[in-house]
Amino acid sequence: FGPDGIERWFDIVHMPDYDSDGAVRGCLMMGIDVTENRKFVEQLREREQRLQVITDHIPAAIMYFDCEHRYRFINRIAEQWNGRPAEEIIGRTARGVRGADRNEIFRASAERALAGETQRFDRSVTFADGTMRDLDISIVPDFAENGMVNGYYVFAVDITERRAAEDALRRSEEQLRQSQKMEAIGKLTGG
């Protein structure tokens with residue numbers, strides 16, 4: 001605790017103190033107050049934990065890649081879709097995690113994002129467990145204050161069920177039109 005009664009943290013360095021003959025005559029100690037740095041790091045860690053909880057409960061995959069296409073952040077859905085825990089993904093390249101074939105599908109869009117262009121598209125994707133899903137994907141550049149691109153965010157929503165419902169609705173509407181045509185033909189022919 002400091003003289004103000006507040007708990008303080010110090011980074012302490014010990015160095016030997018040599019006499020003129022080169023023999024150690026004592027130890028010098030230097031301490032730097034790192035209390036503010038430690039508070040800042042703790043606040044940052046708490047924010048990261050809050051962000052992880054929030055993103056883990058959003059029904060979409062959320063990922064962040066740096067300029068070398070290395071995963072720097074993923075949420076729980078992205079872990080599930082990749083079939084691996086975050087610890088096995090973070091720091092690895094997209095190609096290293098997904099494989100060359102699956103990576104090439106997204107490579108051109110990722111490169112455009114690194115050039116500063118936001119991408120949005122639908123794509124059918126085979127997941128790590130072998131299932132095929134339809135995704136609505138957004139790839140958004142991460143701009144630094146100086147305008148340079150640091151990396152890119154990927155937001156992917158599974159729209160498989162919505163697509164299936166839309167297809168079912170289209171088929172139903174087509175069947176209704178066909179039924180109405182047949183009924184009109186029947187009336188015209190006196191049936």
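## A nonpolar surface patch

V13, M15, L28, M30 and I32 make a nonpolar surface patch of about 420 Å². Two elements give two or more residues to the patch: β1 (10–18) and β2 (24–33). Strand β2 gives the most, with 3 residues. L28 is found in β2. L28 is partly exposed, at 41% relative accessible area.

Some terms need their cut-offs. Patches are made of residues with over 30% relative accessible area and no salt bridge; nonpolar side chains (Val, Leu, Ile, Met, Phe, Trp, Tyr) are joined within 5 Å, and like charges within 9 Å. Accessible areas come from the Shrake-Rupley method with a 1.4 Å probe, and for residues only the protein chains shown count as cover. Buried means under 20% relative accessible area, exposed means over 50%, and partly exposed lies in between. Strands (E, at least two residues) and helices (H or I, at least four) are DSSP runs, numbered from the N terminus.

## Basis of the model

This is a predicted model, in which local features need pLDDT of at least 70, side-chain atom pairs count only at pLDDT 80 or more, and totals for chains, interfaces and linings use all residues. Residues are numbered from 1 along each chain as its sequence is written, and side-chain values use heavy atoms, with hydrogens and water left out.

## Salt bridges

The structure holds 15 salt bridges. A salt bridge is a side-chain nitrogen of Lys or Arg within 4 Å of a carboxyl oxygen of Asp or Glu. One of them pairs E42 with R45, with the closest N and O atoms 2.7 Å apart. Both residues lie in helix α1 (residues 35–56). They are 3 residues apart, about one turn of the helix. E42 is partly exposed at 34%, and R45 is partly exposed at 40%.

R133 and D158 also meet in a salt bridge, at 2.8 Å from N to O. This pair links distant parts of the chain, 25 residues apart. R133 sits in strand β6 (residues 132–143), and D158 in strand β7 (residues 149–158). R133 is partly exposed, with a relative accessible area of 24%. D158 is partly exposed at 26%.

D134 forms a salt bridge with R163, with the closest N and O atoms 3.7 Å apart. Here too the pair links distant parts of the chain: D134 is in strand β6, R163 is in helix α5 (residues 160–188), and they are 29 residues apart. D134 is buried, at 15% relative accessibility. R163 is partly exposed, at 24%. D122 joins in: D122, D134 and R163 are linked in a network of salt bridges.

D56 is found in helix α1. D56 is buried yet has no salt bridge. The nearest side chain of opposite charge is R76, 5.1 Å away. For charge, Lys and Arg count as positive and Asp and Glu as negative, while His and the chain ends are not counted. D56 touches N75 and R76, not counting residues up to four places away in sequence. Contact means heavy atoms within 4.5 Å.

Strand β5 (residues 119–126) and β6 run antiparallel, joined by 8 bridges. Two strands pair if DSSP finds at least two bridges between them. R123 stands opposite L135 in β6. The hairpin has 5 residues between its strands. In this hairpin, G130 takes a positive phi near 95 degrees.

Conventions
Buried < 20%, exposed > 50% of the residue type's maximum accessible area, 1.4 Å probe, protein only.
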